[in-house]
Amino acid sequence: MTNTETTTENEGLQQITQLQQRAVEFAESGMMEEALEAAMVCIGLQEDFAPDNMLLRAKLIQNASRILLYTGDMEQAEAIANEGIEIMQTAQGTTADDMAHAFLNLSSILYTKKDLDNAALVLMEAINIWTNEKGHDSAEVADCLGNLGRLREEQG
């Protein structure tokens, strides 16, 4: 890779980071259409500037699925969350923490869809990963167990 290619890729990654932050700000402000557009542009920029960085792609897809969750488009949110998980499973550099966050994200989507059995299964994946990585007394496991409690309560 030449210095020019490296500089261009670094500039592209900076653009993605800045635009991703804007997507979050839009979502937090209730501007879902703008948030989703910014998230999708980030995915396009990743294809242009870092097409081999599949972990980045997976994370951007996960972020877009989260925005779709907030817009109420559950089918699309679930589809791309699953796509992001599939990519993460083979992407170089994926950590257990990345996978656990992805499973937690998918469980939120499934919970919102009232697919409680599958939400519980996916949430258990996150719990198992974080228990192995951080211990049973970690904040991540505690959050997941709280979510599981709410889910089980809803199941009766």
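1. The helix α3 passes α4 in a left-handed crossing, where left-handed means that the near helix is turned anticlockwise from the far one by less than a right angle, and right-handed that it is turned clockwise. The helices named in this note are DSSP runs of H or I with at least four residues, numbered from the N terminus, while strands are runs of E with at least two.

2. Please keep in mind that this is a predicted model, in which local features need pLDDT of at least 70 and side-chain atom pairs count only at pLDDT 80 or more, whereas totals for chains, interfaces and linings use all residues. Residues are numbered from 1 along each chain as its sequence is written, and side-chain values use heavy atoms, with hydrogens and water left out.

3. The axes of α3 and α4 (residues 74–90) come within 8 Å and cross at roughly 160°; axes here are lines fitted to C-alpha atoms, for helices over the stretch in contact, and angles run from 0 to 180 degrees between N-to-C directions. That angle makes α3 roughly antiparallel to α4, since angles over 145 degrees count as roughly antiparallel, under 35 as roughly parallel, 65 to 115 as roughly perpendicular and the rest as oblique.

4. How do α2 and α3 pack? Helix α2 (residues 32–49) and helix α3 (residues 54–71) pack at an angle of about 165°, with their axes 9 Å apart, which makes α2 roughly antiparallel to α3. The crossing of α2 and α3 is left-handed.

5. Lys-114 deserves a careful look, and it lies in the loop between α5 (96–112) and α6 (116–134). Lys-114 has a positive phi of about 70° although it is not a glycine; most residues other than glycine have a negative phi. The charged end of Lys-114 sits over the ring of Tyr-111, 5.4 Å from its centre, the rule being that NZ of Lys or CZ of Arg is within 6 Å of the ring centre and within 35 degrees of the ring normal.

6. Is Lys-114 buried or exposed? At 52% relative accessibility Lys-114 counts as exposed, because exposed means over 50% relative accessible area, buried under 20% and partly exposed in between (1.4 Å probe, protein chains only). Asn-132, which is placed in helix α6, is likewise exposed, at 67%. Asn-132 and Ala-96 are 36 residues apart in sequence and 9.3 Å apart in space, C-alpha to C-alpha.

7. Cys-42 is buried, with a relative accessible area of 0%, and Cys-144 is buried at 1%. The count of disulfides comes to zero, a disulfide being a pair of cysteine sulfur atoms within 2.5 Å.
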